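Hello,

Here is the structure you asked to look at. My notes on what was found in it follow below.

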Amino acid sequence: MNDLILILALTALGYFAGTWAEKRHYRSIREREKQLLHIPAITMKDIPYPNGEIRSSRLVEGSAVISIDYFKRLLAGLRNIFGGTIISYESLLDRARREALLRMKESAPDAAVIINVRIETSAIGKYSAKRNIGCIEALAYGTAIELNKQ
Amino acid sequence: MENSGEHSSVKTVSGQNIVITNVETIPGKRIVEHFGLVSGSTIRAKHIGRDLMASLKNIVGGELKGYTQLLSESRDQATRRMVRQAVDLGANAVVNVRFSTSSVAQGAAELYAYGTAVRVE
């Protein structure tokens, strides 16, 4: 009985706190994405500028480790029985990747463009303790190109 | 990492400037010599305090700042090891750098960075 109460409490806590935190995170992501629109991150290797204009280039990276809340983990567990799209995990991955991209851009505020951007995702602490912890790391890296000031 | 106003960005190792990119060239420069593959890796385990905090944070979800920091520190270390190898070979840049992460044991992760050491003009 006690266990059941504990699980219900954790689920409720996970649901309310998790939803609130996710909304807040998404709001901040959207805001910062707007602010950083002037730095395009492209996956191609070509530089849309002539060689003479380039002042410097360097590797930039950004990463974020995001974990899922208790309620969503429960939902995903149920989904595993019937199969199908696990919507609750989609937002987890989406948040982690967008956050990583934003941090990469924030580490190169003077860049004109970031080329050859790669995004990598890995599950870490997957078998931590007994439970399956839905916790992932997203890493975004690329080459930031800075131009000579005109 | 700092940016000396001069040419190209830097990662200073023993006073030498090493340029790192993940494309095949250093944009705007010409490669004059190849030294082959250089790599650096590090394996880190999380300490118990962080693990405890993380498992608490797992109830409400959200970012695990301790892990983010831990992994980026480890990745920095792997990169530094790669750069040291390149410096030993006499290179002044590392191009085409890739990162990879793999969990080798429970609660431990390997961060691996590899690239091609080159000399540019």
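A:Ser67 stands opposite B:Gly62, which belongs to strand 5 of chain B. That strand covers residues 62–63 of chain B, and strand 1 of chain A pairs with it in the antiparallel sense over two bridges. Please keep in mind that this is a predicted model.

The contact between the two chains takes in 43 residues of chain A and 34 residues of chain B.

Sorted by class, the side of chain A that touches chain B has 21 nonpolar, 13 polar and nine charged residues.

Next, the two helices of chain A. How do helix 1 and helix 2 of chain A lie relative to each other: roughly parallel or roughly perpendicular? Their axes come within 6 Å and cross at roughly 110°. Angles of 65 to 115 degrees count as roughly perpendicular, so helix 1 and helix 2 of chain A are roughly perpendicular to each other.

From helix 1 of chain A, the residues that meet helix 2 are A:Leu10, A:Thr11, A:Leu13, A:Gly14, A:Tyr15 and A:Gly18. Their partners in helix 2 of chain A are A:Tyr70, A:Phe71, A:Lys72 and A:Leu74. By class, this contact has six nonpolar, three polar and one charged residues.

Regards

Notes. Residues numbered from 1 in each chain as written. Chains lettered and ligands numbered in written order. Predicted model: local features only at pLDDT ≥ 70, side-chain atom pairs only at ≥ 80, totals over all residues. Contact = placed C-beta atoms within 7 Å. Nonpolar A, V, L, I, M, F, W, Y, C, P; charged D, E, K, R; others polar. Pairing = 2+ DSSP bridges. Helix = DSSP H or I, 4+ residues; strand = E, 2+ residues; numbered from the N terminus. Axes fitted to C-alpha atoms, helices over the stretch in contact; angles between N-to-C directions. Parallel < 35°, antiparallel > 145°, perpendicular 65-115°, else oblique.
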